[in-house]
Amino acid sequence: MNKPAWWRNGIVYQIYPRSFADSNKDGIGDLPGITAKLDYLADLGIDAIWLSPINPSPDVDFGYDVSNYLDIDPKYGTLADFDKLVAEAHRRGIKIVLDLVLNHSSDQHEWFKSARQSKDSPYHDYYLWRDPSPNGGQPNNWSSVFGGKGWEYVPELGQYYFHMFYKEQPDLNWQNPKVRQALLDVFRFWLARGADGFRLDVFNCYYKDAGFRSNPARIGIRAFDQQDHVYDINQPEMVPLVEEIRQIVDTNPDGYVIGETFISTADKAAFYSAPGRLHAAFNFELLECPWKPDKFLKKIQSWEQALDTGGWPNWVLNNHDNPRSATRFGRGEDDLRLKAAAAILLTLRGTVFMYYGEEIGMRDVPISRSEVMDPIGKRYWPIFKGRDGCRAPMQWDATSNAGFSQAKPWLKLNQDYPQRNVAAQKSEPNSLFYFYRKLIQLRKELPALRDGMFLPLTYDPKRIFAYLRKTDTQSVIVAVNFSSKPTRFFLGREAAKNNWQPVLSNYPDRVPEIRNSELMLLKDEVCILVSNEPEKSR
Ligand code: TEU
Ligand code: CA
């Protein structure tokens with residue numbers, strides 16, 4: 001039998017390189033900093049690192065505006081530092097997933113600098129240029145998700161160019177065969193350099209309607225949501241392209257490519273990860289899910305249903321664009337609920353994505369007006385305060401600057417770092433860190449968590465979220481009490497006859513026990529039990 005691909009049950013740990021570890025005292029994290037922390041990551045048990053962009057960037061959008069796809073930004077190191085990181089990661093069995101931002105480049109990319117010089121530039125057609133509409137205005141109604149119109153006028157050329165994000169992020173013209181070739185070569189370049197996989201930034205925006213038709217109007221809150229994005233996203237040309245990308249990535253037997261679905265739904269993600277397309281496409285259901293059992297159930301089921309055609313799920317509680325789950329779910333500095341959330345994340349069927357600091361329950365750093373770094377925060381303050389909160393430096397220990405850097409960090413540290421840090425949690429056996437580590441081990445050890453089907457148990461959906469993972473020979477129950485009162489979880493007389501062994505609770509001294517077909521769950525408690533015989537019919 002073929003060995004299952006590493007990513008099926010793998011854990012991909014996202015690093016925001018600016019904020020992980022600084023090796024050269026400039027207050028910005030870097031590649032040698034990451035390399036120095038590989039033992040920590042190997043010990044945690046993760047399978048791959050996804051690095052947010054490390055290509056040269058003027059940092060209008062902190063790396064998501066690339067000025068050269070084939071190099072490393074000097075603030076992060078050199079190509080040699082990258083090679084070293086790859087070699088050291090591989091030596092520990094850790095894969096490297098790179099973030100490719102190919103919908104748009106930076107306006108400081110040589111292509112764009114030339115493109116905006118003249119309509120005769122060989123690079124002009126690398127971007128989306130249009131003449132003003134007959135009445136002199138914007139070429140069509142397309143808008144920018146970061147606010148305002150999507151078209152920027154260049155008076156010297158008498159033309160507009162399109163940008164889905166900031167105006168410093170002009171969209172590339174994928175309809176141009178030279179652009180397509182150059183960008184597919186980016187995959188080949190990094191594969192040859194040892195990358196194992198890619199995360200594609202907003203891949204489903206690459207193609208735009210060749211006729212540049214205006215989007216139809218619809219009801220929405222933000223201007224961007226007041227149109228149906230039928231002509232600027234999800235164009236039919238995307239399907240053969242993802243198939244071609246898949247073929248390129250599959251030249252590495254361990255290759256993996258996951259797309260960030262822009263305006264994601266479970267159906268869209270399933271569509272782009274159907275057989276022959278991407279290995280996966282993100283679905284952000286849990287990133288946006290409130291701490292309610294029925295909501296969790298619904299979001300997870302919608303994903304399982306959408307993927308019925310054969311795709312493979314992935315689960316995300318955190319990333320660099322959204323408030324951290326510790327801030328969304330946690331109460332004060334208590335980590336009980338975060339342990340319950342971790343237990344769900346790590347016992348579902350599918351690939352798991354973690355975000356640096358999640359394993360120690362890092363909270364969002366509160367940001368004041370004068371501290372905002374993220375341009376959308378500057379632009380929309382105070383309605384939207386930007387994405388800095390979840391991007392604060394990693395909290396390694398209680399020394400100055402949390403052990404992140406010997407210089408002042410580029411972004412404010414969370415003031416809880418003297419208590420909440422890796423070193424403190426490693427010296428506390430009941431810490432969130434060890435709970436994550438234990439779950440990661442269980443996920444590797446228990447066949448039902450690897451290969452088992454997912455069967456929701458729907459008893460008391462207002463208070464309890466519980467499910468089985470089950471193979472022919474093993475069943476695992478995961479039961480979470482979302483309420484702040486002890487609650488009974490009724491298992492049913494037949495199922496209760498199985499020989500259930502307690503595996504884990506987020507109450508360290510508790511041994512969960514089934515009595516009279518019931519499991520008593522304390523407030524915010526998660527229990528995991530295993531039975532190594534076929535489950536009796538319920
Ligand atoms: O994000 C796309 C995306 O959906 C976000 O821009 C979202 O609209 C925004 O974060 C509002 O909360 C990707 C990257 O993840 C993001 O960091 C980049 O800024 C963006 O693309 C542009 O490259
Ligand atoms: Ca540095």
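Is Arg349 buried or exposed? Select Arg349 to begin. Arg349 counts as buried, because its relative accessibility is 18% and the cut-off for buried is under 20%. Keep in mind throughout that this is a predicted model.

**Stop 1: Arg349 and its partner**

Arg349 sits in the loop between helix H10 (336-347) and E11. Now show the side chain of Glu304. The side chains of Arg349 and Glu304 make a polar contact at 3.2 Å.

**Stop 2**

**Stop 3: Trp303 and Trp315**

Next, select Trp303 and Trp315. Their ring centres lie 6.5 Å apart and their planes meet at 85 degrees, so this pair is edge-to-face. Trp303 comes from helix H8 (residues 293-306) and Trp315 from strand E10 (residues 314-316), twelve residues apart. Trp303 is buried, with a relative accessible area of 1%. Trp315 counts as buried too, at 1% relative accessibility.

**Stop 4**

A search of the whole structure gives 47 aromatic pairs. Arg324 lies over the face of Tyr356, at 4.8 Å from the ring centre. Then go to Trp312 and show Arg8. Arg8 lies over the face of Trp312, 3.7 Å from the ring centre.

**Stop 5: ligand 1**

Which residues come nearest to ligand 1? Show the 15 residues around the ligand; Asp61, Asp201, His320, Asp321 and Arg387 come nearest. Colour that shell by class and you will find six nonpolar, two polar and seven charged residues.

- Arg199: 3.1 Å from an oxygen atom of ligand 1.
- His320: 2.9 Å from an oxygen atom of ligand 1.
- Arg387: 2.9 Å from an oxygen atom of ligand 1.

Taken alone, ligand 1 exposes 490 Å², and the protein buries 86% of that.

**Stop 6: backbone details**

Most residues other than glycine have a negative phi, and most peptide bonds are trans.

Select Trp381 and Pro382. The peptide bond from Trp381 to Pro382 is cis, with omega near -5 degrees. Pro382 lies in the loop between helix H11 (375-380) and helix H12 (422-426).

Go to Lys25, in the loop between strand E1 (11-15) and helix H1 (31-36). Its phi is near 60 degrees, a positive value in a residue other than glycine. Lys25 counts as exposed, at 52% relative accessibility.

Finish at Asn516. Where is Asn516 found? Look in the loop between strand E17 (514-515) and strand E18 (518-521). Phi of Asn516 is positive as well, near 50 degrees. Asn516 counts as exposed, with a relative accessibility of 72%.

Key
Residues are numbered from 1 along each chain as its sequence is written. Chains are lettered from A and ligands numbered from 1 in the order in which they are written. This is a predicted model: local features need pLDDT of at least 70, side-chain atom pairs count only at pLDDT 80 or more; totals for chains, interfaces and linings use all residues. Side-chain values use heavy atoms; hydrogens and water are left out. Rings of Phe, Tyr and Trp (its six-membered ring) pair if their centres lie within 6.5 Å; planes under 30 degrees apart count as stacked, over 60 as edge-to-face and the rest as tilted. Helices (H or I, at least four residues) and strands (E, at least two) are DSSP runs, numbered from the N terminus. Buried means under 20% relative accessible area, exposed over 50%, partly exposed in between (1.4 Å probe, protein chains only). A charge sits over a ring if NZ of Lys or CZ of Arg is within 6 Å of the ring centre and within 35 degrees of the ring normal. A residue is near a molecule or strand if one of its heavy atoms lies within 4 Å of it. A polar contact is a pair of N or O atoms within 3.5 Å; within protein, one must be able to donate a hydrogen and the other to accept it, and residues adjacent in sequence count only if both atoms are side-chain atoms. Accessible areas come from the Shrake-Rupley method with a 1.4 Å probe; for residues, only the protein chains shown count as cover. Ala, Val, Leu, Ile, Met, Phe, Trp, Tyr, Cys and Pro count as nonpolar, Asp, Glu, Lys and Arg as charged, and the others, Gly among them, as polar.
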